[in-house]
There are 2 protein chains.
Amino acid sequence: MKISVKKQILNENDLIARKNRKFFDSCGTTAFNIMASPGAGKTSFILAVRTFLPKTKRIGVMEGDVASRIDTDRILSYGIPAVQINTGGNCHLDALMVKKALSQLSIRRLDILFIENVGNLICPANVNLGTHDNIVIASVPEGDDKPYKYPGMFKTADLVVLNKIDLIEVFKFNLEYFTHGIRMVNPNVKLLAASCTGKRGIREVSDWIVNQSL
Amino acid sequence: MKISVKKQILNENDLIARKNRKFFDSCGTTAFNIMASPGAGKTSFILAVRTFLPKTKRIGVMEGDVASRIDTDRILSYGIPAVQINTGGNCHLDALMVKKALSQLSIRRLDILFIENVGNLICPANVNLGTHDNIVIASVPEGDDKPYKYPGMFKTADLVVLNKIDLIEVFKFNLEYFTHGIRMVNPNVKLLAASCTGKRGIREVSDWIVNQSL
């Protein structure tokens, strides 16, 4: 019985996700689902990428958090349209939350929508939001073993960004070991290193995003 | 219907958790549920604390991970009894997983059991394992806003350890803001700063653990 209930929930989510995708496509908006551990640098990533995107690209942001609107206020302070989704206790965004929040953003005026998921390296990987691509951000202080411990998240990625790369020596981070772990679960995923606060490697990330755009 | 199914699962978990607790008590073993984001330093915490505990205290470890046995192998390499729990896709340990793993450790010979939960700052907070105390580890690179974004986890803590404290300047971490966030959700929780790899602040943590012990 438990299984059938779960399946029903998943199907309902996938159905709404499909509608979200159709809506994005009809608006000419490319949507990215940004996933990472808490504090890996999702908001800094969005702010850094924005400075390298062509000026003609209009971006908007959805911020997913269990509580608070800290990240939305930060994004808004840069003049970027943003809307906060607070999940209460929920550990990930779902397609319905995104659908409801869409009415609060003028999506038709946006070329790119960044959806910052709840900070969590497990649950968000399994929930389709209707976005076009999944961007997973890992960060050096978390350690080089994350792909081995959280394979599901890295498997679902279209782009993996290794953030806080300037601290690679401080944390004795083994890039080869990390890369091997990524390749094991997702052989063809694009992998880029960056420092979102130092703006290092962000041009390559920005170019990848533009290439994926509709 | 969904609610009743969920309730049933929770009650079943709590029932097993109660049995786990009784078993710990009958063995004279104090059990700690260690929770944190991925890469905050849970395993390093256990290894650091161990060096400051009285030699008479015998410790054992349960390692919770979605996949891999990296942490268990690391703990075993120090001669500490350890058992791995792989949750598959599950984002947290539950009381039944702990109960099953208990048969693989000689609990009666242990004074302290550290249960390292899956790296996740949300879901593990709501699942009782039968342990005596919750230790939540935050780390400086994650940022000072975590108590505001993940209040449930910090609310459930008996001890909060702020790890990687040696990097407080590098990350411009605002300790006052962090502490204020903790106090908002959990006014009386014990809060200690530490560097688990540098062994800074670990004596205070070790003293707290001994004080909590049966």
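Let me begin with cavities: there is 1 cavity of 30 Å³ or more in this predicted model. On a 1 Å grid over the protein atoms alone, a cavity is a set of points where a 1.4 Å probe fits but cannot get out, whereas a pocket is an open set with protein on both sides within 12 Å along at least five of seven lines; lining residues have an atom within 4 Å of a point. Grid points are joined across faces, edges and corners, and a volume is the space filled by probe spheres set on the points.

The largest cavity holds about 60 Å³ of space. It is lined by 14 residues, and closest to its centre are Pro141(A), Glu142(A), Ser139(B), Pro141(B) and Glu142(B). That lining comprises 6 nonpolar, 4 polar and 4 charged residues; here Ala, Val, Leu, Ile, Met, Phe, Trp, Tyr, Cys and Pro count as nonpolar, Asp, Glu, Lys and Arg as charged, and the others, Gly among them, as polar.

Before going on, a word on conventions: residues are numbered from 1 along each chain as its sequence is written, and chains are lettered from A in the order in which they are written. Local features need pLDDT of at least 70, side-chain atom pairs count only at pLDDT 80 or more, totals for chains, interfaces and linings use all residues, and side-chain values use heavy atoms, with hydrogens and water left out.

I turn to the second largest pocket, with a volume of about 870 Å³. Its lining has 39 residues, and Gly41(B), Ser44(B), Arg74(B), Lys164(B) and Thr197(B) lie nearest its centre. Which helix gives the largest share of this lining? It is H2(B), with 7 residues. Helices are DSSP runs (H or I, at least four residues), numbered from the N terminus. By class, the pocket lining has 14 nonpolar, 10 polar and 15 charged residues.

H2(B) also packs against helix H8 (residues 202-212) of chain B, at an angle of about 80° and with the axes 9 Å apart. Therefore H2(B) is roughly perpendicular to H8(B), a term for angles of 65 to 115 degrees. Axes are lines fitted to C-alpha atoms over the stretch in contact, and angles run from 0 to 180 degrees between N-to-C directions. Phe45(B), Ala48(B), Val49(B) and Phe52(B) of H2(B) meet Ile202(B), Arg203(B), Val205(B), Ser206(B) and Ile209(B) of H8(B), contact meaning heavy atoms within 4.5 Å. These contact residues divide into 7 nonpolar, 1 polar and 1 charged.

Key
Helices (H or I, at least four residues) and strands (E, at least two) are DSSP runs, numbered from the N terminus. Angles under 35 degrees count as roughly parallel, over 145 as roughly antiparallel, 65 to 115 as roughly perpendicular and the rest as oblique.
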